[in-house]
Amino acid sequence: MIQFASTSYKGGNQNAENGMHKLEGNSSDDNGITVPMHSNPEDGQSKTRKRKKSSKMNGQSSSKRRMSVSKPARDPRDEASPNGGLVTTTRSPSPVIDFDGLSRPSRGTRERREETAEQAAARLEKMTGAVRTLLECVGEDPDREGLLKTPERYAKALLDFTKGYQQNVKDIVNDAIFHEDHNELVIVKDIEVFSLCEHHMVPFTGKMHIGYIPDKDVIGISKLPRIADMFSQRLQIQERLTKDVAHAIMEILKPQGVAVVMESSHLCMVMRGVSKTTATTITSCVLGCIEKREKTRNEFFSLVGLNRR
């Protein structure tokens, strides 16, 4: 206990004498009663202003959260997002389908889709010559019996591997969307998928599981594997392939939610590099209500067998 000198309570001398004691904390009078010392009122006002300012800033940051994931690739003709990249709900579908239904076309895609028979023949001849050059560069003789037709065969095979560039989403769906009062999970699982890794142009193969929760409309179930084939029959990486299929279904069908999971083996890490023959790569993309609801998401993963391990 801090002891203070005895003070007089006569007249106005009390305030003058108490003002001389500039001590922080509590003090006590002669009777042993603890008396709190008064702080500077300006300090209190300053703290109040800081609290209001901090509260205001926190309110702004909570109401406008920036996107926590990288933005999907956009078609250059698409308009910029009106909210400046700020989102208040779950991830929205990316514009994977362009105005002509070519599904995010790359350079040269339109020419390949719209080419004439003469242009197609010229393309095949050009590719055949390129394959012949590759055979020479690896040390082979392209004129020996076993390789005489290999350049043309491989050129035709590569065009077939990548025919997804020539397909149109609108033609694939072909208006096979039907009004149906169903609001539970619809799943097509174990869809075989074959694609070419765009980094080494060697295959990766596996299975894709597609599920969605309708919002009044359902799609013909055969269209789901066809959409998966269209996106896989081009140069891909598994991560983008998974998202392409999910976003396309979200845009075409406008369901409550979509989930896509893919399990595959990549020959680029089996035949070369680390040479891991048993490694499996799993990717997923969930949108809409399936993204927001953990119970629904777990139900989908359980039904496709991801919770078996």
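The model is predicted: local features need pLDDT of at least 70, side-chain atom pairs count only at pLDDT 80 or more, and totals for chains, interfaces and linings use all residues. Residues are numbered from 1 along each chain as its sequence is written, and side-chain values use heavy atoms, with hydrogens and water left out.

**Overall make-up**

- The protein chain has 10 helices and 11 strands. Both are DSSP runs, numbered from the N terminus: helices are H or I with at least four residues, strands are E with at least two.
- Of the 309 residues in the protein chain, 32% are buried. Buried means under 20% relative accessible area, exposed means over 50%, and partly exposed lies in between (1.4 Å probe, protein chains only).
- Contacts are heavy atoms within 4.5 Å. Among contacts in the protein chain between residues at least 6 apart in sequence, 65% join residues at least 24 apart.

**The open sheet**

- Five strands form an open sheet in the order β9-β6-β7-β10-β11, with mixed pairing. Its edge strands are β9 (235-236) and β11 (281-288), each pairing on one side only. Two strands pair if DSSP finds at least two bridges between them.
- Strand β6 (residues 186-197) runs parallel to β9, and 2 bridges join them. Cys-197 has Gln-236 in β9 as its bridge partner.
- Strands β6 and β7 run antiparallel, joined by 9 bridges. Ile-187 has Gly-211 in β7 as its bridge partner.
- The hairpin of β6 and β7 has 5 residues between the strands. In this hairpin, Met-201 takes a positive phi near 55°.

- Helix α8 (residues 238-253) lies across β6, β7, β9, β10 (257-266) and β11. It runs at about 25° to β11.
- Two packed helices are described by the angle between their axes and the distance between the axes.
- The axes of α7 (residues 223-232) and α8 come within 10 Å and cross at roughly 135°. That makes α7 oblique to α8. Axes are lines fitted to C-alpha atoms, for helices over the stretch in contact, and angles run from 0 to 180 degrees between N-to-C directions.
- Angles under 35 degrees count as roughly parallel, over 145 as roughly antiparallel, 65 to 115 as roughly perpendicular, and the rest as oblique.
- From α7, Leu-224, Ile-227, Ala-228, Phe-231 and Ser-232 meet α8 residues Leu-241, Asp-244, Val-245, Ala-248, Ile-249 and Ile-252.

**His-209**

- His-209 is found in strand β7 (residues 203-213). It is buried, with a relative accessible area of 1%.
- The His-209 side chain reaches the backbone nitrogen of Asp-190 at 3.0 Å.
- Not counting residues up to four places away in sequence, His-209 touches Val-188, Lys-189, Asp-190, Ala-259, Val-260, Val-261, Glu-263, Phe-300 and Val-304.

**The loop between α6 and β5**

- Asn-174 lies in the loop between α6 (169-173) and β5 (177-179). Its phi is near 55°, a positive value in a residue other than glycine. Asn-174 counts as exposed, at 52% relative accessibility.
- Asp-175 is found in the loop between α6 and β5. Its phi is near 60°, a positive value in a residue other than glycine. Asp-175 counts as exposed, at 67% relative accessibility.

Definitions and conventions:
Polar contact = N/O pair within 3.5 Å; in protein donor to acceptor, adjacent residues only side chain to side chain.
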